[in-house]
Amino acid sequence: MSNANSREESPGAAPTAMRRVLPADMVERGRCPFDPPPGLRQRRGQGAVQPLRLLNGAQAWLVTGFDEARTVLADARFSADRVRHREATQLQPHEVAEMAAKETYEPPPSVESREDGLFVFMDPPEHTRLRRLLTGQFTVRRMRALEARITEIAVEHIEAMKAAGTEADLVPAFALPLPSLVICEMLGVDYADRAEFQERTAIALNTGTGKEERAQAGAELYAFIQRLVADKRARPADDMLSGLVHDADPPLTDAQLVDMALVLLGAGHETTANMLGLGTFALLEHPEQLAALRADPTLIDNTVEELLRFLTIIQLGVSRVTTEPVTLGEVDIPAGATVVIATPETNRDPRYWPEPDRLDLQRPRTPHLAFGHGVHQCLGQQLARVEMRIGLGELFTRLPDLRLAVPADKVPLRNEMLIFGVHSLPVAWS
């Protein structure tokens, strides 16, 4: 990446920092793996905006209300820029004490321009330019071509599972490779290099792996993407990365291109993989809902939306910093404050969903915040929906008696991570 700040603010580093300063009961699921963490559930009824004391001693603000969360994500007074605004989760305890000793809020030093490509941590107009370039690459033609390829990938992996026997771990056999190979298609990774790409990605994005191993895999992945960018400059093809290399005016630097590719990788790989694994687990544990889907396959689109709302795997990783004093949900928040969105709770706001803690595949479709809101709303959300629709649809069609191969309480959960899911999902079929 282009400088020390952008290196610190990589897509993997920010969630890791957040996880270190949050109380465990705010991110670790309880007895039911599909419900929000106990610490969040205990805060229900205490207000849509609540004070939150972090483990480093910093004061932050927790948003649990749907309307209030949408405001944070759409209002320019809440900044996503982690270079210009240090959020409380990034601070060491001594830095918290130093800031608390100051009588007034001091704005951060001015940064004239950003030279990195981490657009998810930018505000307009810098964010606007990079996002517009990416949006231009999500063409209808490309998405249609990817839909056909997603079906091929899903079918290939399901049939490979069946050919190998009557049991498998669904995570490495299906949930992880499907979005990983789709990202390969989007970025234009050669077939000969895809095994290396998948291996480095799996290690670099797994915060449960040892720090040194992750660092090495991250460096190797960064070098891999650098080589890929150089190849696209010399030999452009019909892929998204080639488009970013050759269509941007003014041109993007290699550092910006690598950053943008890594953001796409993190956003489009880990999240979808965990939704496929956890979504399958949830359906198997709600047999009456799965029976409704089997009886009426046209429910698949509703199924995807309800799983996105009900499971909400992005736990407490979405945050903003106030650039001026703000009143939100009748609560006064000072300038420079960190605001953390509790997405699992916002997506179960009883003001919007009757019986919000119940999985209901026939629930009328309503907006949710699984893909965010505002200028930072996930630009690949339609692709993610297609991957889930095809992946789950093919899985339950081709394995009609799919079932868990272990008791539900033996399924290992990703409780140590801010993107929730399952580490493995042993399944069986006849």
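User: In the hairpin of S1 and S2, which residue takes a positive phi?

Analyst: This is a predicted model, in which local features need pLDDT of at least 70 and side-chain atom pairs count only at pLDDT 80 or more, while totals for chains, interfaces and linings use all residues. Residues are numbered from 1 along each chain as its sequence is written, and side-chain values use heavy atoms, with hydrogens and water left out. Strands are DSSP runs of E (at least two residues) and helices are runs of H or I (at least four), numbered from the N terminus. Five residues lie between the strands of this hairpin, and the residue with a positive phi, near 95 degrees, is Gly57.

User: What angle does the direction of helix H4 make with that of S8?

Analyst: S1 and S2 belong to an open, mixed sheet of five strands in the order S1-S2-S8-S5-S3. Its edge strands, each pairing on one side only, are S1 and S3 (78-79). Helix H4 (residues 66-74) packs on this sheet and touches S1, S2, S3, S5 and S8. With axes fitted to C-alpha atoms (for helices over the stretch in contact) and angles taken from 0 to 180 degrees between N-to-C directions, the angle between H4 and S8 is about 125 degrees.

User: Why is helix H12 largely enclosed, and which residue caps its N-terminal end?

Analyst: Buried means under 20% relative accessible area, exposed over 50%, and partly exposed in between (1.4 Å probe, protein chains only). Six of the eight residues of H12 (residues 240-247) are buried, so the rest of the structure largely encloses this helix. The cover over these buried residues includes H6, H7, H9, H11 and H13. At the N-terminal end, a side-chain oxygen lies 3.2 Å from the backbone nitrogen of Leu241, and the capping residue is Asp239.

User: Is Asp35 buried or exposed, and which residue's side chain joins its side chain in a polar contact?

Analyst: Asp35 is in the loop between helix H2 (13-21) and helix H3 (38-41), and its relative accessibility is 15%, so it counts as buried. Beyond four places in sequence, Asp35 is in contact (heavy atoms within 4.5 Å) with Arg29, Arg41, Arg348 and Asp357. A polar contact is a pair of N or O atoms within 3.5 Å; within protein, one must be able to donate a hydrogen and the other to accept it, and residues adjacent in sequence count only if both atoms are side-chain atoms. At 2.9 Å, the side-chain partner of Asp35 is Arg348.

Technical notes: Pairing = 2+ DSSP bridges.
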